[in-house]
Amino acid sequence: MRGKVKMPNTESAVSAAMEREMTAAEKSHGRTVESYLFDFDGLMEAVEIVRKVVGPTPQIDWPMLHDRTGAEVWVKHENHLPTGAFKMRGGLVMANSIASGRNGPLPAGIITASAGNHGLSQTFAGLRAGLKVTIVVPLTGNAEKIAAIRAMGAEVITDGHDFTASYEISRKIAKDRGLLMIEPFHPDLIRGVATYAYELFSAVHRLDTVYVPIGLGSGICGMIRTRDLLGLKTKVVGVVSKHSATYALSFDAKRPVPTETADTIADGLSVRVPNPFAVEIINGGADRIIQVDDDEIREAARIYHTDTHNMAEGAGVAALAGLMQERDKMQGKRVAVIMSGANISRPLLAEILK
């Protein structure tokens, strides 16, 4: 069963309206694309914040993946983090900024929309910083991720047919309750998740290509900026679901292109409305964007289980699915794939591995 459902044709108008609303929200804070382009000192500050809570995740060159692809494949294991996904890094940096007063007076609480991992991140980090946390999750969200968010102590509101609808609802609740809205694409979040790119590039030198899954875009934007700050020539390749292809379409069109559907088993990739600033950063720094279908995602999950005995969710295996699609051109090259998260639901995992 896929994580999202097809919406009526009227969703195209809604998507366009949501894109305008997201852009307006960013501009209301005086943000431009330059505000997302952190400097090296900012990156090092983020590394220090994250390492106070958790050490670097491993990057492992798995021999069976090498044999299977013909490339030297380094897996960046973000699935080893306490929340099971890379977004925890951004949550820690964001919470640090809020608690320190960098983002203004201490709020009554924070609220955000999430399909799962972003919500886990904000809950984990926000509660550590003494903040009240509210998470709005889609009706079709991953039940196990939602249960984990609730178990951590956040208030969970289940509303909206997908992430984009939940985002709209969360903004209304923020206004009604006087909560600080945590935009899912925010400079502190990008700077935080960029720390995994710094770890990878510091540990594995002379990478030809790194494959990065794209949800709303924080991971790949952090990767691009970190590569550029370090003066590296590594190609950054984004991977999206064929069934949630907004960033691939935006890359080709060189402008934000919303979609009517985000119908994929990879809930972390399920985005209909791209962030316009993410589009600008990706279009300026990615080499290409690959689309993978749900069958390729299933196969990549099976490969990870067989070759590494790691469990990963749909978004977490997407980078490997992208490499498998391009393995002929990657022969003999040193590449990395980001295993962004482990939080796959048990029913979906059982269906894939049967």
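Buried here means under 20% relative accessible area, exposed means over 50%, and partly exposed is what falls in between, with a 1.4 Å probe and protein chains only. The model is predicted, so local features need pLDDT of at least 70 and side-chain atom pairs count only at pLDDT 80 or more, while totals for chains, interfaces and linings use all residues. Residues are numbered from 1 along each chain as its sequence is written, and side-chain values use heavy atoms, with hydrogens and water left out.

On to the sheet. Helices (H or I, at least four residues) and strands (E, at least two) are DSSP runs numbered from the N terminus, and two strands pair if DSSP finds at least two bridges between them. Four strands make up an open sheet in the order 5-4-3-6, with parallel pairing. Its edges are strand 5 (155-158) and strand 6 (180-181), each of which pairs on one side only. Strand 3 (residues 110-113) and strand 4 (residues 133-137) run parallel and are joined by four bridges; Thr112 has Ile135 in strand 4 as its bridge partner. Helix 7 (residues 163-177) lies across strand 3, strand 4, strand 5 and strand 6, and runs at about 160° to strand 3. For that angle, axes are lines fitted to C-alpha atoms (for helices, over the stretch in contact), and angles run from 0 to 180 degrees between N-to-C directions. Contact means heavy atoms within 4.5 Å.

Ser114 sits in the loop between strand 3 and helix 5 (117-128). With a relative accessible area of 2%, Ser114 is buried. Neighbours within four places in sequence aside, Ser114 is in contact with Gly119, Ile135, Val136, Val137, Pro138 and Phe163. The Ser114 side chain also reaches the backbone nitrogen of Gly116 at 2.8 Å. That is a polar contact: a pair of N or O atoms within 3.5 Å where, within protein, one must be able to donate a hydrogen and the other to accept it, and residues adjacent in sequence count only if both atoms are side-chain atoms.

The loop between strand 2 and helix 4 holds Glu78, which is buried at a relative accessible area of 0%. Thr83 is found in the loop between strand 2 (72-77) and helix 4 (88-99), and counts as buried at 6% relative accessibility. Beyond its neighbours within four places in sequence, Thr83 is in contact with Met88, Leu120, Phe124, Met152 and Asn343.

A search of the whole structure turns up three aromatic pairs. Rings of Phe, Tyr and Trp (its six-membered ring) pair if their centres lie within 6.5 Å; planes under 30 degrees apart count as stacked, over 60 as edge-to-face and the rest as tilted. Tyr36 and Phe277 form a tilted pair, 5.5 Å centre to centre with 35° between the planes. Both residues, Tyr36 and Phe277, are buried. Phe86 and Tyr196 form an edge-to-face pair, at 5.9 Å centre to centre and 90° between the planes. Phe86 is buried at a relative accessible area of 11%, as is Tyr196 at 2%.
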